[in-house]
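Q: Hello! I am new to this structure and would like to learn how to read a few of its features. Could you walk me through them?

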Amino acid sequence: MASPLPFSLLELASVREGDSVGQTLENSVAYARHAEALGFNRFWLAEHHNMEGISSAATSVLIGHIANATQSIRVGSGGVMLPNHPPLVIAEQFGTLEILHPGRIDLGLGRAPGTDPMTSRALRRDGLGAEQFPNDVAELQRLLGPLDRSQPVNAIPGAGTEVPMWLLGSSLYSAQLAAQRGLPYAFAGHFAPRLYREALRVYRDQFRPSRQLDQPYAMLTVPAVPADTDEEAQWLSTTSYQRILSLFRGQPLWMKPPVDSMAGRWNPEEETAVRSFLGLQLTGTADTMQAQLNRLLASADVDELMVTVDLYDPEKRRHALDILSAMPQFQAA
């Protein structure tokens, strides 16, 4: 077995069918507090827009809310979709968060819009998009670095806070950019498992030291369905299956209760697509998941594991963290 790893969590603030957004965010706070008590390292929130069933659109606001409700766990974005925002605005927001919660804020950055093209245009009307991403990353590094009075525009507050920046990706592009900029890298294996080995290898091979980081640091994000028995985990997994199926069909992404069988709910092509989407999912008891994780880590060099847990019942979701923390691979913060 490989050495223990820090475990972290990715949160979409997913809304259960019939719940309010307010209740969802209360559940997210309780989830974050439980994760902190168990020693999870980070709690990141993902930016999505115009998606019924996901309530993490105002990512920086939720980061502040979770940070206020906790004491030690690192809180950040997984990620801010930078094409949607001017870098100055993000520098001011995350610089302020860092000042309010010193040493606890992470700024994860993504190149995708996190929404449909029409909503993306509504978010950022100047027409700039993913092609601007490398320049925006460089500008953010400048804005969060030491105050430079020779520049006409600075982030006030923000300058000098040196908020740790991460690049997130599901392809080789962000792996290469993270390596070139000397930034830590997180691969989105929770929805795009196909290229994780190659992306992580490219990142390490091409890494150049920077002011923030002198050695490469890679995190892999995977879905997980922890349970007290393997049979229960298979049943609980049907919540994720239904949700990803809704994503493929362009339907609202409400969290639905588990079902005894997916038969009749998807066709063979949809089943193949959903299972491929969740190809890196850890499922079962702590021992079962540990065996799955050992096989996964044998194929890639990872410094930290981030997990996303889609369970319908908030109590079972918090208990899932107990099971994850019982894995031999778990390293408490």
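A: Gladly! Let us start with charges over rings: an Arg counts as sitting over a ring if its CZ is within 6 Å of the ring centre and within 35 degrees of the ring normal. In this predicted model, R16 lies over the face of Y312, 4.5 Å from the ring centre.

Q: Over the face of which ring does R317 lie?
A: That ring belongs to Y31, and R317 is 3.8 Å from its centre.

Q: What describes a pair of aromatic rings?
A: The distance of the centres and the angle of the planes. There are ten aromatic pairs here. Take W166 and Y217: their ring centres are 5.8 Å apart and their planes meet at 85°, so this pair is edge-to-face, as the angle is over 60 degrees. The two partners come from distant parts of the chain, 51 residues apart: W166 is in strand β5, and Y217 is in the loop between α7 and β7.

Q: Is W166 buried or exposed?
A: W166 is buried, at 3% relative accessible area, while Y217 is partly exposed at 24%.

Q: What kind of pair do Y185 and Y203 form?
A: A tilted one, with centres 5.4 Å apart and planes at 35°. Y185 in strand β6 and Y203 in helix α7 are 18 residues apart, and both are buried.

Q: How are two packed helices described?
A: By the angle between their axes and the distance between the axes. Helices α5 and α6 pack at about 35°, with axes 12 Å apart, and their crossing is right-handed. The contact residues include six nonpolar, two polar and one charged.

Key: Residues numbered from 1 in each chain as written. Predicted model: local features only at pLDDT ≥ 70, side-chain atom pairs only at ≥ 80, totals over all residues. Heavy atoms only, no water. Axes fitted to C-alpha atoms, helices over the stretch in contact; angles between N-to-C directions. Helix = DSSP H or I, 4+ residues; strand = E, 2+ residues; numbered from the N terminus. Left-handed = near helix turned anticlockwise from the far one by under 90°. Nonpolar A, V, L, I, M, F, W, Y, C, P; charged D, E, K, R; others polar. Phe/Tyr/Trp six-rings, centres within 6.5 Å; stacked < 30°, edge-to-face > 60°. Buried < 20%, exposed > 50% of the residue type's maximum accessible area, 1.4 Å probe, protein only.
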